[in-house]
Amino acid sequence: MEHPSNFHQHSAEWLEDLFDHAHDLIQIVAVDGTLLYVNKSWSSVLGYDNQELQGKSIYNFINEDDQDAYKDYRNQVINGQLANVPIVFKLQAKGGKSFILEGIVSVKQKNGIPLYTRGIFRDVTLRLQNEIQLQHLNKELKEREHNLAQLLIHAPDAVIVINQQSRILFWNPKAEALFGWSYKEVLQQDLSAIIVPPQYREAHTKGMKRYLDTGEARVLNTTIEITALKRTGEEFYVALTISHTMQGGEPVFIAFIRDITFQKNNQQELERKTKQLEQSNAHLEDFAHAASHDMKEPLRKIRTFANMLRKTTNERLTEEESKMLERIETSAERMQLLVDDLLEFSHVSDQQQVMEAINLNDKIQKVLVDLELSIEEKKAQISTTGLPTVNGNRRQLQQLFHNLLSNAIKYNKPGFPPIIHIKAHLIKGAEAPINTAAADKEKKFHLIEVSDNGIGFEQQYATQIFEMFKRLHGKSEYSGTGVGLAIACKVVQNHNGYIWAEGQPGVGATFKILLPAD
């Protein structure tokens, strides 16, 4: 061990070396504030060399905002009013950057007279910045938690939180109103015993265990329709969505529950009415088929006997009697047309039809052969462009285009031969100018257009013309029963398609059809 005399000889050197290698900022300042000594950490942090510090006041390096507070603090230390009390202040570095320091100033006295002050400080800039950021984050977190709590409390749906033992941790006011239990009554109670109907309790327990054991989730993050129990024991329909999260390191489950009793009742009533309507339509179609079929023979006899009567008594009939007989024949003929159309409609209404690939070009050619006499009589011009092959019923598609083309030929403008064009191209359901079903928006369809230069119609009647027995013109102007376009509409419906019409009086009409392309 070194001799005490040698220790005192080297102590100043050792202390200076110790101070210069300390991480803390050390300063010695005269009573008037003049810097007497700073260690290497002090000068390196602030970026000043010894010459720049020589004879300068410590107050020149204190940030302007903290100068008054630092002076007051140091004066109290010098006057013996403060001892071992830390201070936090900012020092101004050479480049203009501020460093936040925390430390203690002490005073050196001799015979009660202050000689200088000593300061030992630590750079806490990063720590305080982190603390400020942490405080900001904590504030944001509290705000978010508050906002989330408010959302859950004021949510329009019942919100229930349970732990992995199915114990209720949260129960919002909507849950109170919906189920009739207060928050205090259900807290820490088993959810199954409170709102789960007896027939679902075992499945609920097994589902919770399966998820906790294996992570297999069958109902998480999906909405299901199920029944729940009210406090009164009433069972009612709800839409249930369950999500999973962690709280305090433990898994919890959040249930969002909406009362759908009203919607469910409406849905059931709609299904009941739809079923009744389907049954009624089926009965009507059966009746139309049976009645039409049964009327064919009596009508045949009326037409046969009327014809025989005219042959045998033609010369003996008065002019008035002859006209009466002519009316009987005309009425019987019209009745025969109506019976045939009703039978055709009843056949088209039958959904049990064989579907196959149908080339519409071939089908149109067969229709043109059937309409050959009408085409020659009216000097009609018919052209086609880009007709596709579709999946459909051979007989029904034949009837569809037969009715559309015969209409276009029939309703021509007097003195103008019918010009009819049939074309097709692919579109998506969403591109059609009509309200297609949501499921059909992205599906591809063949848009088939049958346009003519005939008498047209007012657009306000575009829907009416597809109804049974609806006619826009009198029987004396144009023949027909008002069933043809109803049959066309039924055929398109049977093929899961859409049909609509666009017309302009004196210009013509276009019938547009969407048939599935896939």
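Before the first entry I noted a term: a crossing is called left-handed if the near helix is turned anticlockwise from the far one by less than a right angle, and right-handed if it is turned clockwise.

Entry one, a helix pair. The model I have here is a predicted one, and in it I looked up how helix 14 passes helix 15, which turned out to be a left-handed crossing. The axes of helix 14 (residues 394-410) and helix 15 (residues 484-494) come within 9 Å, and they cross at roughly 145°. On the side of helix 14 I listed Gln396, Leu397, Gln399, Leu400, Asn403, Leu404 and Asn407 as making the contact, and on the side of helix 15 Gly484, Leu485, Ile487, Ala488, Val491, Val492 and Asn494. Sorted by class, this contact holds eight nonpolar and six polar residues, with no charged ones.

I then turned to the second largest pocket, which holds about 680 Å³ of space. It is lined by 30 residues, of which His204, Val219, Ile224, Leu240 and Ile242 are the closest to its centre. Among the elements that give two or more residues to this lining are strand 6 (158-163), helix 8 (191-195) and strand 9 (235-247), while helix 9 gives the most, with seven residues. By class, the lining has 24 nonpolar, three polar and three charged residues.

I looked up the mean pLDDT of the protein, which is 81, with 83% of the residues reaching 70 or more. Over residues 1-5 the pLDDT is below 50, and this stretch has three contacts beyond near neighbours in sequence. Residues 473-480 also have pLDDT below 50, with 15 such contacts in the model.

Note on methods:
Residues are numbered from 1 along each chain as its sequence is written. This is a predicted model: local features need pLDDT of at least 70, side-chain atom pairs count only at pLDDT 80 or more; totals for chains, interfaces and linings use all residues. Side-chain values use heavy atoms; hydrogens and water are left out. On a 1 Å grid over the protein atoms alone, a cavity is a set of points where a 1.4 Å probe fits but cannot get out, and a pocket is an open set with protein on both sides within 12 Å along at least five of seven lines; lining residues have an atom within 4 Å of a point. Grid points are joined across faces, edges and corners, and a volume is the space filled by probe spheres set on the points. Helices (H or I, at least four residues) and strands (E, at least two) are DSSP runs, numbered from the N terminus. Ala, Val, Leu, Ile, Met, Phe, Trp, Tyr, Cys and Pro count as nonpolar, Asp, Glu, Lys and Arg as charged, and the others, Gly among them, as polar. pLDDT is the predictor's confidence in each residue, from 0 to 100. Contact means heavy atoms within 4.5 Å. Axes are lines fitted to C-alpha atoms, for helices over the stretch in contact, and angles run from 0 to 180 degrees between N-to-C directions.
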